[in-house]
Structure formats: structure tokens, C-alpha cells
Amino acid sequence: LKDCVSDGPEALLEQAELGRSLDQFLRTLPQKDCCIFVRRYWYMDSLTDIAVRYHMAVGSVKSSLHRSRKKLKHYLEHEGIFV
């Protein structure tokens, strides 16, 4: 694990930039999609828990996450962070 994480000044700057970009991206999503994305990837909620919380089918949660990941990839490519 230590080989995967760098804590030098450049790595810290890159992490901060990625954090800002992710924050900006999340602000572009509709509120419900943003909440679903954060519940899944920040709080690590299960798909079932998210579906219950937002009164959705599990398949709808999966679709929302898929669309959000696709948008995130496009956003990061546009920002020059992910190529």
C-alpha cells in the first residue's frame, strides 16, 4: 500500500487539485444524482441502502451511478486530469 500512496509535495498538490475538481463536478449534477454518488462512493452505502433511502429501484440507482461516472470521466478529461 505504501508504494501506491505518495506524500511528497507534488502528490499533495495533485490530490488537492483532484479534490477541487471532484467538488466542482459534483456541483454540476442534479441534487439527487449528487447525493446518490456521494452516498455510494464517500459513505460506501450499498446499492440497496441507497435505493431504500431515495425510494428507488436498485436498477435506477445503478443507472444513476453509471451516468454520473460517465459524466465524471468526461469532466476530468475536459479538465485535462484524466486522459
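Q: Why is S64 called buried?
A: S64 has a relative accessible area of 2%. The cut-off for buried is under 20%, so S64 is buried. These values come from a predicted model.

Q: Where is S64, and which residues does S64 touch beyond four places away in sequence?
A: S64 is in helix α4, which covers residues 58–78. With residues up to four places away in sequence left out, S64 touches D33 and I36. A contact requires heavy atoms within 4.5 Å.

Q: What makes S68 count as buried?
A: The relative accessibility of S68 is 1%. Buried means under 20%, and therefore S68 counts as buried. S68 lies in helix α4. Apart from neighbours within four places in sequence, S68 is in contact with F25, L29, D33 and F37.

Q: Which residues of α2 are buried, and what covers them?
A: The buried residues of α2 are D33, C34, I36, F37 and R39. Their cover includes α1, α3 and α4.

Q: How do you know whether C34 is buried or exposed?
A: C34 has 17% relative accessibility. The limit for buried is under 20%, so C34 counts as buried.

Q: What makes C35 partly exposed?
A: C35 has 26% relative accessibility. Buried needs a value under 20% and exposed needs one over 50%, with partly exposed in between. The value of C35 falls in between, so C35 counts as partly exposed.

Q: How many disulfides are there, and why?
A: The count is 0 disulfides. A disulfide is a pair of cysteine sulfur atoms within 2.5 Å. The cysteine sulfur closest to that of C34 is in C35, at 5.6 Å. For C35, the closest cysteine sulfur is in C34, also at 5.6 Å.

Q: What is the phi of M44, and why does it deserve mention?
A: M44 has a positive phi of about 60° and is not a glycine. The value deserves mention because most residues other than glycine have a negative phi. M44 is in the loop between α2 and α3, where α3 covers residues 47–53.

Q: Why is M44 called exposed?
A: M44 has a relative accessible area of 61%. Exposed means over 50%, so M44 is exposed.

Q: Which phi does H55 have, and where does H55 lie?
A: H55 is not a glycine, yet its phi is positive, at about 55°. H55 is in the loop between α3 and α4.

Q: What makes H55 count as exposed?
A: H55 has 74% relative accessibility. The cut-off for exposed is over 50%, and therefore H55 counts as exposed.

Q: Where is M56, and what does M56 touch?
A: M56 is in the loop between α3 and α4. Leaving out residues up to four places away in sequence, M56 touches K32, I36, A51 and V61. M56 and H66 are 10 residues apart in sequence, and their C-alpha atoms are 15 Å apart in space.

Q: What lines the largest pocket?
A: The lining consists of L22, D23, L26, F37, V38, Y41 and W42. Two or more of the lining residues come from each of α1 (9–28) and α2 (31–41). The space in the largest pocket is about 190 Å³.

Q: What pattern does the protein follow along the sequence?
A: The protein has 4 helices and 0 strands. Read along the sequence, the pattern is α-α-α-α.

Q: How does the radius of gyration of the protein stand against that of a compact globule?
A: A compact globule of 83 residues would have a radius of gyration near 12 Å, whereas the protein has 15 Å. The C-alpha atoms fill a box of roughly 45 × 30 × 20 Å along the principal axes.

Q: What share of the residues count as buried, and what share of the contacts join residues 24 or more positions apart?
A: Of the 83 residues, 24% count as buried. Among contacts with a separation of 6 or more, 48% are between residues 24 or more positions apart.

Terms used
Residues numbered from 1 in each chain as written. Predicted model: local features only at pLDDT ≥ 70, side-chain atom pairs only at ≥ 80, totals over all residues. Heavy atoms only, no water. Buried < 20%, exposed > 50% of the residue type's maximum accessible area, 1.4 Å probe, protein only. 1 Å grid on protein atoms, 1.4 Å probe; cavity = no way out; pocket = protein on both sides within 12 Å on 5 of 7 lines; lining within 4 Å. Points joined across faces, edges and corners; volume = space filled by probe spheres on them. Rg over C-alpha atoms; globule rule 2.2 N^0.38 Å.
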